[in-house]
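Thanks for coming. I will talk through one structure, starting with how its chains meet. Please have a look at it first.

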Amino acid sequence: MSLATLSLTQASRLLQRGEISSRELTRAALDSIAAQNGRLNAFLFVDEPGALKQADAADESRKRKAAPSPLSGIPLAVKDVLTVAGMPCTCGSKILENYIPPFTATAVKKLQEAGMVVLGKTNTDEFAMGSSTENSAYGVTRNPWDLSRVPGGSSGGSAAAVAARMACAALGSDTGGSVRQPASFCGVTGLKPTYGRVSRYGLVAYGSSLDSVGAFGRSAQDVAAIFSAMQGSDPLDATAQNLPAGEISLEAPDNLQGVRIGVPKEYFIDGIQPAVEKKIREAIALFEQLGAEIIEISLPHTEYALPVYYLIAPAEASANLARFDGVRYGPRAEAETMWDVFTKTRGEKFGDEVQRRIMLGTYALSAGYYDAFYGQAQKVRTLIKRDFEQAFSLVDAIACPVAPTTAFPIGAHGDDPLAMYLEDVFTLPANLAGVPGLAFPVGFDENQLPVGMQLMGPHFAEAALLRLAHAYQQATEWHLAILPPL
Amino acid sequence: MPYEPVIGLEVHIEMQTRSKMFCACPVVDSVSAAPNTAVCPICAGHPGTLPVVNARAVEFALRVALALGCQINPVSIFARKNYFYPDIPKGYQITQYEQPLAEHGKITLHTSQGEKTIRIRRAHLEEDTGKLTHVATDWESDKRITDSADEAEKQKSGEPANRQTGKSSNEKTGQSGKSYSLVDLNRAGVPLLEIVTEPDFRSAEEVRLYAETLRALVRYLSVNSGDLEKGVMRIEPNISVRPRGSKTLGTKVEIKNLNSFRALERGVTYEIARQSALLGSGRIVLQETVGWDEGRQATYSQRSKEDAHDYRYFPEPDLPPLVIDTAWLERVRAELPELPWQRAQRLERDFGLSAAEVARLVEEKDLGEYFEQVVQAGVSPRLAFAWVTGELTSLMNAAGAGFDFSKVHPKELAALIGLVAAGTINQPTAKTVLAEMFTSGQSAANIVAARGLAQISDETAIARLVAETCAENPAEVDSFHAGKKTVFNFLFGQVMKKAGGKANPQTARALLSQALRQK
């Protein structure tokens with residue numbers, strides 16, 4: 001059995017006992033990448049010498065009994081929208097081809113300081129705009145459960161890497177569901193923290209008021225370990241909350257007596273895949289068996305989340321992506337005038353979906369349209385936040401599907417951006433409200449594709465969500481399911 | 001038909017803090033620092049970077065806003081102003097739009113027509129842009145044109161300037177034989193305070209006085225050096241004219257590129273005349289942005305209204321609202337120094353100086369402080385004023401290094417003035433001594449002693465010199481008696497010459513008259 005099959009929690013235990021070395025573990029991950037990445041295209045860049053060097057350093061510190069944390073020596077994959085000094089950061093775009101950032105994202109830095117070994121950078125929809133990883137300029141990532149299907153997106157590379165045992169854990173970003181939906185499609189556990197809980201410094205911005213850095217692991221326990229280490233304030237991010245750091249303990253409660261879980265009726269809509277609804281209902285029933293009280297609730301403005309998101313996120317993106325002009329970094333198109341350099345560079349190097357969202361956002365912010373579009377969207381966003389505040393006055397967590405369907409075939413939404421946008425209909429509201437959301441596997445559909453449940457909680461209630469998912473995972477084995485041979 | 005100008009001002013003032021508005025890069029002199037030496041991933045707009053507000057810059061801005069009597073908004077909002085230009089690394093400028101830091105201030109000017117109050121509409125914080133240098137390497141020219149804000153405006157519209165100068169700097173990509181542009185991001189991200197007035201100005205004089213008062217203020221508050229030539233303070237008037245007596249506003253024109261008070265006054269005067277002439281001949285004024293061409297002493301069109309940009313302002317999601325709590329505000333208020341107009345009032349009241357004299361003293365903070373120290377050392381305000389604004393200022397100006405206390409300590413100047421008052425040296429000698437004090441740093445007493453400059457007041461000695469002079473110049477004495485009274489000055493000069501300049505001039509004059517009368 002390859003060491004690559006170890007989960008983060010298992011690997012950590014064996015490392016601490018000295019039964020395995022970080023070099024062995026890292027070597028196994030690199031071998032797993034070498035064997036599978038040709039098929040999956042999960043990684044865009046692998047830093048083999050760097051990873052082995054970090055592994056050796058981790059082994060060295062552990063020998064001196066100076067390991068910085070239980071995470072020391074564990075391999076990590078990083079979505080290619082987070083900077084790691086010295087490694088390319090393409091954001092899945094031609095406009096950042098060969099761009100090597102001079103600094104490391106705070107979330108990554110905190111994990112490196114905890115001793116984690118960065119293997120490389122994973123594939124993403126261009127600038128995290130997409131729900132399938134098909135919008136990457138560097139090719140689609142394939143779902144390890146079925147190579148003809150997408151892994152979800154935009155953090156599809158990271159989700160696939162964890163599912164295919166190429167890395168114990170991975171970082172992603174979630175602006176409208178980009179951690180949770182691929183976690184669901186790939187059968188892994190993925191957390192989108194509260195907005196501001198993890199520094200965004202070094203995360204290439206898409207929708208700044210919605211973006212959060214999230215984590216993938218094989219279990220709630222894995223994710224809790226990573227999240228504990230990367231959360232917290234950052235002098236470089238004015239929106240990062242100043243909360244006490246500290247490890248989240250997931251001691252499994254005997255039962256969930258006294259825990260109230262809300263089930264929002266608006267999340268079980270027409271068009272939801274029957275197998276998805278069935279598995280979610282079963283999981284809810286299990287929570288009830290474990291002692292939780294299940295309460296039907298309402299989030300009445302849910303239907304507006306999608307239009308609100310597709311005004312706010314593109315509006316912010318239109319400004320965030322203005323810096324890619326070919327002047328200071330990235331490729332530059334040859335042209336006669338300055339203005340032509342700008343338009344040609346951007347016209348040639350941005351993909352269709354990115355250009356679509358830039359135009360959408362530019363329009364939404366234009367004089368004469370601002371009030372009707374961006375301004376109005378912000379007002380409705382407030383109503384959506386209020387829905388959650390009211391819900392969380394009644395319940396401790398909200399349970400619902402992550403996405404209406406399981407992984408869909410590559411190309412299925414090729415000509416239909418709106419159908420693609422609907423993939424995120426259950427995940428967008430958490431970003432608009434800034435609340436945390438956790439996705440974890442609760443079974444398989446008729447095609448043996450993973451189904452994911454989403455738990456959402458009040459601001460800063462990540463620990464509560466992780467404990468609930470941990471309780472579920474103590475009682476089930478869906479998160480331990482082994483990939484079919486490919 | 002007589003026309004009346006209506007003018008409002010936008011003034012951009014760099015807050016010269018140690019570090020930039022949103023990152024830790026130092027604020028450097030944009031003229032002397034080597035290009036791109038004060039730049040980091042944040043102010044260069046690298047992907048993934050975020051802004052963090054420099055609290056010191058907020059504090060500097062609060063000083064100015066409080067001094068202008070503004071209401072400080074307890075919560076203000078940063079916004080993104082979106083446009084493409086190579087000097088703006090993020091593709092947007094972080095500024096304040098709907099909720100600025102401060103509003104509703106005022107400033108009182110003392111014009112030749114009397115007191116005039118200018119209302120301040122708002123003051124808000126933002127970040128400066130980088131600087132472009134356009135380099136033409138074709139056969140036409142190889143000169144470099146340093147970009148100013150106006151050039152930026154022009155290029156944003158993609159339109160070459162043309163109205164009067166035909167200036168054009170259509171950039172090309174950097175290939176040999178073609179013109180290109182160099183980007184210096186040292187200035188990008190430097191904190192700026194933009195102060196916007198109501199359209200309250202009615203003359204170029206008022207505009208100049210306002211700018212001078214504001215410059216004095218920011219220097220008193222130690223937030224800005226006031227070097228207009230270096231672009232750390234940039235003044236942009238919006239000018240329209242209308243028939244005198246009319247209540248409606250005419251079409252406004254904005255002037256950029258005014259790099260000195262002189263250019264400001266001339267540019268405004270020029271634009272008033274240009275617009276008045278247009279209206280007077282039945283034509284109309286076009287709404288546009290113009291630049292001031294120092295060489296031609298004229299404005300030229302840069303950008304018409306049609307090219308105006310939609311900046312698509314929206315609240316900056318990377319920065320939480322800026323909260324100014326009462327404690328902070330009161331601390332800044334308590335730490336405000338005496339303001340120029342407060343000092344002017346006090347000097348006028350306490351020292352009996354005229355408004356014009358006081359204005360001269362408060363213009364430069366150091367000059368006024370120096371003056372007061374000289375008075376404190378026992379010199380009468382009038383004498384102190386004459387020496388400080390006269391001889392001493394000439395020496396300082398000639399040395400060209402601002403007002404430097406260390407050259408001549410106020411107590412030393414007071415001692416020198418004391419020597420004149422006591423009759424130890426005369427006025428011309430005192431000037432020579434001051435010049436030497438300025439260069440050598442020696443005290444007045446030492447110089448007078450070392451060089452034997454003490455004045456001769458002994459009447460017997462002077463009388464002897466007078467007698468000698470008359471004996472040696474009989475022809476002049478005769479012509480004096482013949483009625484040519486101007487010869488007196490020649491003879492007086494001869495007496496002083498014999499005395500080596502040290503004779504008490506009053507005594508010498510009196511004794512010479514006496515001697516001539518006796519003849």
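One term before the rest: a salt bridge is a side-chain nitrogen of Lys or Arg within 4 Å of a carboxyl oxygen of Asp or Glu. What you see is a predicted model, so please keep that in mind throughout.

With that term in hand, which side chains meet in a salt bridge? They are Asp318(B) and Arg200(A), at 3.0 Å from N to O. Across the interface of chain A and chain B, one salt bridge is found. Polar contacts across that interface come to 12 residue pairs. On the side of chain A that touches chain B, two elements give two or more residues: helix H9 (305-320) and helix H10 (338-349).

Now the extent of the interface. The contact involves 43 residues of chain A and 37 residues of chain B. Between them the chains bury about 3300 Å², with 61% of that on carbon and sulfur atoms. Within chain A, the residues that lose the most area to chain B are Arg323(A), Glu336(A) and Met338(A), together 19% of what that side buries.

Next, the rings. Over all chains there are 31 aromatic pairs. One cluster, linked by ring pairs, holds Tyr99(A), Phe127(A), Phe324(A), Tyr329(A) and Phe350(A). Charges also sit over rings: the charged end of Arg281(A) is 3.9 Å from the ring centre of Phe268(A), and Arg509(B) lies over the face of Phe492(B), at 4.4 Å from the ring centre.

Last, the domains of chain B. Domain 1 covers 3-138 + 182-268 + 305-323, domain 2 covers 338-451 and domain 3 covers 459-518. The centres of domain 2 and domain 3 of chain B, taken over C-alpha atoms, are 33 Å apart.

Technical notes
Residues numbered from 1 in each chain as written. Chains lettered and ligands numbered in written order. Predicted model: local features only at pLDDT ≥ 70, side-chain atom pairs only at ≥ 80, totals over all residues. Heavy atoms only, no water. Domains from an automatic or database assignment. Phe/Tyr/Trp six-rings, centres within 6.5 Å; stacked < 30°, edge-to-face > 60°. Lys NZ or Arg CZ within 6 Å of the ring centre and 35° of its normal. Contact = heavy atoms within 4.5 Å. Buried area = accessible area lost by both parts, 1.4 Å probe. Polar contact = N/O pair within 3.5 Å; in protein donor to acceptor, adjacent residues only side chain to side chain. Helix = DSSP H or I, 4+ residues; strand = E, 2+ residues; numbered from the N terminus.
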